[in-house]
Amino acid sequence: MSTPDDLEGRFTLLTAVARYDKLRARDALASAVDDDDPQLTPPDPSTAPLTRDEALELLALGEVIARKAGYGRQLSVRSARRVGASWSQIGAALGTSKQAAWETHGRWIDDQAEQHRRNGYEGLDENDVAAARAVAGEPESEETE
């Protein structure tokens with residue numbers, strides 16, 4: 001059985017999306033299988049319904065994509081801050097408030113620090129956390145925007 005943890009190291013965001021898209025399209029286009037009448041089972045494998053393992057892989061890939069996209073989103077937030085974007089601008093780009101964007105980014109930094117504490121190589125070490133917090137700063141007040 002596929003789990004997000006099993007698949008996360010095997011796929012980049014791009015390859016996970018490609019595999020997800022292939023399975024999703026096949027699932028959407030698949031003809032129904034009638035267990036009582038094998039004649040109704042499509043002979044073309046590209047239109048066959050997903051197997052149980054493929055359906056579970058599709059679910060796991062969805063989670064992998066969400067994780068990888070979330071990580072990339074926070075790296076993009078950090079990049080935007082580095083080039084001078086305000087938290088109001090970042091919040092607007094994300095369709096949220098400046099406070100929500102700042103808090104989400106702060107939680108991401110905390111999660112990355114915890115991940116590094118747990119295994120010593122993933123996530124952000126103490127120096128990286130300090131640098132990320134310095135770049136993040138505080139959400140600007142209404143007068144300074």
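## Helix 5 and helix 6

In this predicted model, helix 5 and helix 6 are roughly antiparallel to each other, because the angle between them falls in the range over 145 degrees that counts as such. Their axes cross at roughly 175 degrees and come within 10 Å, with helix 6 covering residues 126-136.

On the side of helix 5, the residues that take part in the meeting are Trp102, His105, Gly106, Ile109, Asp110 and Ala113, while helix 6 brings Val129, Ala132, Arg133 and Ala136. Sorted by class, this contact between helix 5 and helix 6 holds six nonpolar, two polar and two charged residues.

## Helix 4 against helix 5

Helix 5, which spans residues 98-119, also packs with helix 4, which spans residues 87-94, and here the angle is about 90 degrees, with the axes 7 Å apart. Helix 4 is therefore roughly perpendicular to helix 5.

From helix 4, the contact is made by Trp87, Ser88, Ile90, Gly91 and Leu94, and from helix 5 by Lys98, Ala101, Trp102 and His105. The classes represented in this contact of helix 4 with helix 5 are five nonpolar, three polar and one charged residues.

## Helix 2 and helix 3

Another packed pair is formed by helix 2, residues 13-29, and helix 3, whose axes lie 9 Å apart at an angle of about 145 degrees. The crossing of these two helices, helix 2 and helix 3, is left-handed.

In helix 2, the residues involved are Leu13, Ala16, Val17, Arg19, Tyr20, Leu23, Arg24, Arg26 and Asp27, and they meet Glu54, Glu57, Leu58, Leu61, Gly62, Val64, Ile65, Lys68 and Ala69 in helix 3. When the residues of this contact are divided by class, 10 are nonpolar, one is polar and seven are charged.

## The largest pocket

The largest pocket of the model has a volume of about 660 Å³. It is lined by 22 residues, and those closest to its centre are Glu8, Arg67, Tyr71, Gln112 and Gln115.

Helix 1 (4-8), helix 3 (52-82) and helix 5 each supply at least two residues of this lining, and the largest share, eight residues, comes from helix 5. By class, the lining of the largest pocket divides into four nonpolar, nine polar and nine charged residues.

Methods:
Residues numbered from 1 in each chain as written. Predicted model: local features only at pLDDT ≥ 70, side-chain atom pairs only at ≥ 80, totals over all residues. Heavy atoms only, no water. Axes fitted to C-alpha atoms, helices over the stretch in contact; angles between N-to-C directions. Helix = DSSP H or I, 4+ residues; strand = E, 2+ residues; numbered from the N terminus. Parallel < 35°, antiparallel > 145°, perpendicular 65-115°, else oblique. Contact = heavy atoms within 4.5 Å. Nonpolar A, V, L, I, M, F, W, Y, C, P; charged D, E, K, R; others polar. 1 Å grid on protein atoms, 1.4 Å probe; cavity = no way out; pocket = protein on both sides within 12 Å on 5 of 7 lines; lining within 4 Å. Points joined across faces, edges and corners; volume = space filled by probe spheres on them. Left-handed = near helix turned anticlockwise from the far one by under 90°.
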